[in-house]
Amino acid sequence: MASAASGPARSLEAGLIKPGSVRGGLGKEMRHGHGRRTAHNMSSSSLRKKSDLSLVSKVRCGILRNVLANLQEIFLGTKLFVLFPAVPLAIIAQSCGFGRAWVFALSLLGLTPLAERVSFLTEQIAFYTGPTVGGLLNATCGNATELIIALFALHKGKIDVVKHSLIGSILSNLLLVLGTSLFCGGLVNLRKEQSYDRKQADVNTSLLLLGALCHVLPLLFRYAVNGSEHNASYSPAVLLSRVCSIVMLAAYIAYLFFQLKTHRQLFESQEEDDDNDDVVAQDEAVVGFPCALAWLVGMTVVIAVLSEYVVGTIEAASESWGISVSFISIILLPIVGNAAEHAGAIIFALRNKLDITLGVSLGSATQISMFVVPLSVIVAWIIGIQMDLDFKLLETGSLVLSILLVSSALQDGSSHYLKGFVLLLAYLVIGACFFVLKTPSDQGNGVSAIPSISNIRQA
């Protein structure tokens, strides 16, 4: 009976992979990649669960059986599957004209499992394309949600939302994710030595400091030329920002070459050495290449739809909830949008695998700072929108001080819970700052604001 039942299951799995399977075609080097699974892959795998194909294997129709198995692998292969109903609910709420704050909340929840599934699909495609192309896919799709939201906000001319959401994502990765991971990991592993490889952290913090310099220069340039913070017209600062963006993209390309070719060993994540069922460490593809590519395109389209909802309803949510747009963009968007990735980083910190945790938090912050931010400036340039790297004094100061704080905390190659606690407190202070900050757009939405000094003088 057992062998008879296992026969359909084996044929079902073969149907998922297509003839000429990667299971048989990949050599040991390709399947295990010499340990080339990136920190993002390892982090995402911590939220996956093994699919039980026993029920699906009883379906007699081969085509239907393969389709059902594919759907089960895509939608039930993650611990976040309970959030998938938020996707159709957000679309229904938008179509039926429900409260726009509800549309915003449901869209944010729907983006969480979609972001994790995009990571899963890019990893599946990497089994067929090889580690280099897979690494490039991770480098471009790893923060697809933030990039798509930024592009839609740019299209609608909401430059402040673009800047706030991107800088919020960097701060969230540096302070919230890394802080929570180090704090929880330190408490759980009080009697164990917590160490990590400083080389990878040094590379990422160096790039983050370069990005911070490119943010500071337009800010200082505007003060040096105009002597005032309230001149947002086209100026040489925009040209300087575009030059800095090109430099940042060049640095990111060099970083990819460094990461994927010349110094690949620095970014190789340690594999799981136990049989913990909480982590699904795959060394083979479970979805065929055409199917994975089709699902990746389809989920990217759905992410684009939900991102448009988020951008279009953020002011309504701000007015309905009585909190500023800046707080929603800098704090809420990154926390909800990157929840899957954040959970994975914390899980590996609890297991004292800090190299993976640092790879996730610092890697994501570097990708946002050196790729998504300058790309947004270049895209704005192409479509005729004047976006610069001047993120205003408060936002830029918070970014620079956060990078310096993280760099200082990681300089000795070891960790304990107090380091994480300090990072969390820094994030709490920054969050409180933006919670009480009211921008002019918030005033237009009916949110009360403290009058500025210039307004008092005019009165």
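**Entry: L249**

I looked up L249 and found it in helix α12, which covers residues 236-262. The model I am reading is a predicted one. The relative accessibility of L249 is 19%, so I put L249 down as buried, the cut-off being under 20%. Next I asked which residues L249 is in contact with, leaving aside its neighbours within four places in sequence. I noted M370, F371, P374, L375 and I378. I then checked M370 against L249 along the chain: the two are 121 residues apart, and their C-alpha atoms are separated by 6.2 Å.

**Entry: the whole chain**

I counted secondary structure next, and the protein chain has 20 helices and zero strands. The chain has 459 residues, and I noted that 51% of them count as buried. For contacts between residues at least 6 apart in sequence, I found that 84% join residues at least 24 apart.

**Entry: α6**

I went through helix α6, residues 86-95, and listed A86, V87, A90 and A93 as buried. Looking down the axis of α6, I saw these buried residues fall within an arc of 130°, so they line one face of the helix. What do the buried residues of α6 pack against? I wrote down two helices, α7 (100-129) and α13 (289-321). Just after α6 I came to G97, which takes a positive phi of about 70°.

**Entry: S107**

Is S107 buried or exposed? I recorded 0% relative accessibility for S107, so it counts as buried. Not counting residues up to four places away in sequence, S107 touches A90, L306, Y309 and V310. I had already listed A90 among the buried residues of α6.

**Entry: α10 and α15**

I took helix α10 (residues 159-188) together with helix α15 (residues 339-350). Their axes are 8 Å apart, and the two helices pack at an angle of about 30°. I noted the crossing of the two helices as right-handed.

Which residues meet in this pair? On the α10 side I listed S172, N173, V177, T180, S181, C184, G185 and V188. On the α15 side I listed E341, H342, A345, I346, A349 and L350. I sorted the residues of this contact by kind and got seven nonpolar, six polar and one charged.

Terms used:
Residues are numbered from 1 along each chain as its sequence is written. This is a predicted model: local features need pLDDT of at least 70, side-chain atom pairs count only at pLDDT 80 or more; totals for chains, interfaces and linings use all residues. Side-chain values use heavy atoms; hydrogens and water are left out. Buried means under 20% relative accessible area, exposed over 50%, partly exposed in between (1.4 Å probe, protein chains only). Helices (H or I, at least four residues) and strands (E, at least two) are DSSP runs, numbered from the N terminus. The arc is that of the directions from the helix axis to the C-beta atoms. Contact means heavy atoms within 4.5 Å. Axes are lines fitted to C-alpha atoms, for helices over the stretch in contact, and angles run from 0 to 180 degrees between N-to-C directions. A crossing is left-handed if the near helix is turned anticlockwise from the far one by less than a right angle, and right-handed if clockwise. Ala, Val, Leu, Ile, Met, Phe, Trp, Tyr, Cys and Pro count as nonpolar, Asp, Glu, Lys and Arg as charged, and the others, Gly among them, as polar.
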